[in-house]
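Please look over the sequence and the model shown here, and then read the notes that follow, which are grouped by topic.

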Amino acid sequence: MTGGGFVGLPVAEDGGTREDDSQLVGISKILGPRWVQLPAITVGLLGVQVLWSVEMSYGTPYLLSLGLTKSAVAMVFLAGPISGLVVQPLIGVLADNSKSRFGRRRPYMLAGAFICISAMLLLGFTRPFASIFTSSGSRANDVLTICLAILAIFGIDFSINAVQAVDRALLVDILPPQDQPDGNAWAARMLGVGSVAGYFVGNVDMTKVFPFLGNTELEVLAVVGSFLLIATHLATAASVKEKVVVSSGAGNKGLMTEMKEIWVNARTLPPTILQICFIQFFAWLGWFPLLFNTTEFIAELHRRSHPEMDVEAALAEGTRLGSRAMFYNAILSLIASIILPFFVAESGSRRRMQERLSSAPPSLWVRGFRKLKVNLASLWAASHLIFAACMFATFFYSGVFGATFFTTMAGFSWAITQWAPFALLADAILSDEDEEDASSILLDDTRSRRVSQVGAESQDPERQLLVGNHQEEEEENLADEVRSFGSSASMDEDQHPLKTGSESLMHDESARTSHLDVRDAGAPGSSYAENSGADRKLKDGNLAAKAGIILGIHNVFIVIPQFVITGISSVIFAIAGAGEIPGVPPESGNSTRPDLAVREARGPSGGGPNSYAYVFRLGGISAIVAFVLTIRLARHIKRTALP
């Protein structure tokens, strides 16, 4: 046990029972010096992102090179969203109930990682592997190669969803509420590094860099990606200790019982978590078009602006320009994920910076930093507004430069999307909602060892600065936020419940209203080890014990928009792509995706709006809905934080 190690939020004391008479025992912590703890618990997501980038970049071209039609390839890649719908909730409930002596998450993490690298290596070396059983160049060899490649894609998609689900659940299990913003910010950084690395290696001839790893780009990248995935997750597994589930009961639940548990929990999500899920639904209706169509959108804009070029050459050059725009997007996202936590009131990065500046001369920069702060929910709302502006900008540009600029700007919102909802969701999971007053999230004071006396709180100037203890200040901030977003009409909620249920709650010393605790975990008198010894008993249905299930259900709200927007996009492409461009062959009947060159409606002059722009604008409308819902969530969180 090392000093400064994190210990997870108490979820059960020794002897504290769960719903099935089992109990969580031991302590949760991250080993090693404090500065390396958050990178260590999130580095696995870097490996996930790199491997996913390899599959998305090379999977489709490889399957097409084997002779599959575009429609068949599209059907194969349905494995991704389907696995997101099924695997993450199922793995979540299985891991929540796991009784392994190694913890609830790590066995599934490592098992999923090993399955994933096996599938990735199979994808990279499908032809050599098939040649072991059949004659090279024969029809049987071709058929077996295709079957193995499809099997590999399914294996990658299902296992990588399992790994990612466990990675996120481990964050919730290990980190206490006050460290969730920083932990999820580090997760966003790791995903950002993985994205940048993925786009970078796509422009490097890896067969020259690592000629001993394979003869093709896919073979080399399969080995490199597999190594990164297993190495990063071994590092995470070795650096954490989990609580374990001990049961004196009969044994494991059956599959039908597990599925029923997912359904019951999905129907009984607490209001705050349900709000986050619906926000994610509308937000991702906007994100999927940007993630999947930007490269082709820019390629089409480039082709239209250079009619003198050969169509194929113009589209190839446009595709390169589209990839470059997404690379810029990834770079800005990474930069934003590093800088933004310093301006979020709940973030530990800001706390530590304020401590360093406490003795600094009151310069203009220092005073500006102290005033410039925002709560995480409001920042998330702002990101939706910025993203919507980027999507609506398609009304005003028609060239590659404009598309590249606004695609890059969307990277700011992407950084927040990878961070804020997961931190807010973790805080809601780690807070027991009061069934009698759904507008308040109750937090047992043993979790953060808060001093219940108001006088003691008033002696903490840092807490006054970041959170505030006066109702007048909170109401003023709320009014400022409403004015700044110009959305007061969307926030007209009845204030009377706040004066009844929450006032009685604040007189109860056994409960506290939950906002993200901003006290420095490393401050004197604050010890996670001491907190772990003060575990309280779990209530039936305690949210912290169901982190895996809830995160899986949350992922369903992210995946469903992919099916919705795919269907809508198909209709838009079919309507807008009715015209054909002279000199461009029509799309073959076996493809489910119209060719880039015929996806726009042609007006009398040969112009006309690009069909992708319609989909992007629809995503902007969806982002506006997400913005309004997030404003409501931000106001709800502020209300529950009022003393």
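The structure holds zero disulfides, a disulfide being a pair of cysteine sulfur atoms within 2.5 Å. In general, a disulfide is a covalent bond between the sulfur atoms of two cysteines. This is a predicted model, in which local features need pLDDT of at least 70 and side-chain atom pairs count only at pLDDT 80 or more, while totals for chains, interfaces and linings use all residues. Residues are numbered from 1 along each chain as its sequence is written, and side-chain values use heavy atoms, with hydrogens and water left out.

**Cysteines and burial**
- Cys277 counts as buried, with a relative accessibility of 0%, whereas Cys147 counts as partly exposed at 46%.
- Buried means under 20% relative accessible area, exposed means over 50%, and partly exposed lies in between (1.4 Å probe, protein chains only).

**The chain as a whole**
- Of the 643 residues of the chain, 54% count as buried.
- The secondary structure comes to 25 helices and seven strands, which are DSSP runs numbered from the N terminus (helices: H or I, at least four residues; strands: E, at least two).
- Among the contacts (heavy atoms within 4.5 Å) in the chain with a separation of 6 or more, 80% are accounted for by residues 24 or more positions apart.

**Helix 4**
- Helix 4, which covers residues 79-96, contains Ile82.
- Ile82 is partly exposed, since its relative accessible area is 38%.
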